[in-house]
Amino acid sequence: MEEIGFLGIGIMGKAMAVNLLRHGFKVTVWNRTLSRCDELVQHGASVGETPAAVIKKCKYTIAMLSDPAAALSVVFDKDGALEQICGGKGYIDMSTVDADTSSKISEAITSKGGSFVEAPVSGSKKPAEDGQLVILAAGDKALYDQVLPAFDVLGKKSFFLGQVGNGAKMKLVVNMIMGSMMNAFSEGIVLADKSGLDPHTLLDVLDLGAIANPMFKMKGPAMIKNSYPPAFPLKHQQKDMRLALALGDENAVPMPVAVAANEAFKKARSLGLGDHDFSAVFETVGKGAQSST
């Protein structure tokens with residue numbers, strides 16, 4: 001493949017860009033705080049001074065940004081991607097945004113002759129490092145086919161979901177379910193502990209039953225120790241709950257469980273836990289589940 005541009009070197013972007021470099025791709029990176037790119041340079045990346053400079057240099061550019069405002073800013077602001085997009089250039093936005101944001105970016109890119117794919121991912125820091133993300137793509141099928149070699153490095157499976165907006169919607173549905181599950185899990189750990197049960201035994205029991213899942217297995221032991229190293233920051237999970245609830249409003253879908261989960265994430269943010277992992281919502285249920293026995 002041609003050289004790939006990469007905009008956004010946060011928790012996810014850094015892991016993904018390193019993976020591309022390890023697999024022999026040439027990568028030019030940009031981040032709003034440029035010093036974050038230094039580590040990538042040690043892995044062989046070049047640095048672009050602005051999003052526009054990266055687009056100018058690279059045939060394909062991936063963006064992995066924190067929220068809709070950041071995704072729009074990188075495209076539309078001065079020295080943004082749009083200034084250098086033209087025929088033959090492909091823009092792949094892997095940020096988690098709402099369908100409206102994705103459509104706005106798509107329209108702008110295609111109006112300049114470029115092609116656009118949205119490709120939000122399911123998976124956090126560890127799957128990103130291991131190239132085990134699930135990629136939820138939609139938009140220009142020809143561009144999707146061209147960048148599949150990169151997607152195959154970044155993820156274990158790529159889905160092409162049709163028109164722009166479908167990738168964003170799928171990602172929001174997945175993260176809404178995940179956020180609701182995390183709240184039920186937190187309540188269960190605290191309930192077990194306050195009832196005189198060992199929370200570790202609860203984890204063992206859950207792992208052998210029908211609701212066993214990697215999230216409980218991975219997050220549970222750290223939660224019991226009140227430890228929340230950020231694989232997926234809580235502030236981003238709450239943003240996704242908010243966007244999913246807006247999608248529910250749009251489609252007249254009642255979502256009382258997701259509403260309650262969103263309130264718990266908002267409460268956690270108010271406690272200053274926004275930069276912790278989203279499992280820190282546990283703190284809103286009971287200050288820790290250290291067994292009293």
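Is Asp275 buried or exposed? Asp275 counts as exposed because its relative accessibility is 52%; exposed denotes over 50% relative accessible area, buried under 20%, and partly exposed the range in between (1.4 Å probe, protein chains only). The views below show a predicted model, in which local features need pLDDT of at least 70, side-chain atom pairs count only at pLDDT 80 or more, and totals for chains, interfaces and linings use all residues. Residues are numbered from 1 along each chain as its sequence is written, and side-chain values use heavy atoms, with hydrogens and water left out.

**View 1. The salt bridge between Asp275 and Lys235.** The closest N and O atoms of Asp275 and Lys235 are 2.7 Å apart; a salt bridge requires a side-chain nitrogen of Lys or Arg within 4 Å of a carboxyl oxygen of Asp or Glu. Lys235 belongs to helix H11 (residues 234-250) and Asp275 to the segment after helix H12 (256-270), so the pair ties together parts that are 40 residues apart in sequence. Helices (H or I, at least four residues) and strands (E, at least two) are DSSP runs, numbered from the N terminus. Lys235 is partly exposed, with 35% relative accessibility.

**View 2. Two further salt bridges.** The whole structure contains 10 salt bridges. One of them joins the side chains of Asp130 and Lys126 at 2.6 Å, N to O. These two residues stand 4 residues apart in helix H6 (residues 125-130), a separation of about one helical turn. Both Asp130, at 41% relative accessible area, and Lys126, at 47% relative accessibility, are partly exposed. Another salt bridge links Lys239 with Asp240, their closest N and O atoms being 3.0 Å apart. Here Lys239 is buried at 7% relative accessibility, and Asp240 is buried at 0% relative accessible area.

**View 3. The largest nonpolar core.** This core has 35 residues, and Phe6, Met16 and Ile92 are among those with the most contacts inside it. A nonpolar core is a set of buried Ala, Val, Leu, Ile, Met, Phe, Trp, Tyr and Cys residues joined through side-chain atoms within 4.5 Å. Elements giving two or more residues to this core include strand S1 (4-7), helix H1 (11-22) and helix H7 (141-154). A second, separate core of 30 residues includes Leu206, Met215, Ala268 and Leu273.

**View 4. The surroundings of Leu136.** Leu136 lies in strand S8 and is buried, at 5% relative accessibility. Not counting residues up to four places away in sequence, Leu136 touches Glu118, Phe159 and Met170, among others; contact means heavy atoms within 4.5 Å. Phe160, 24 residues from Leu136 in sequence, is 6.5 Å away in space, C-alpha to C-alpha.

View 5. The buried residues of helix H10 (residues 214-224) include Met215, Phe216 and Met223. The buried residues of H10 pack against H8 and helix H9 (199-207). In H9, the buried residues are Pro199, Leu203 and Leu206. Their arc is only 65 degrees around the axis, which places them on the same side of H9, while Asp204 and Val205 are exposed on the other side.

Technical notes
Arc of directions from axis to C-beta.
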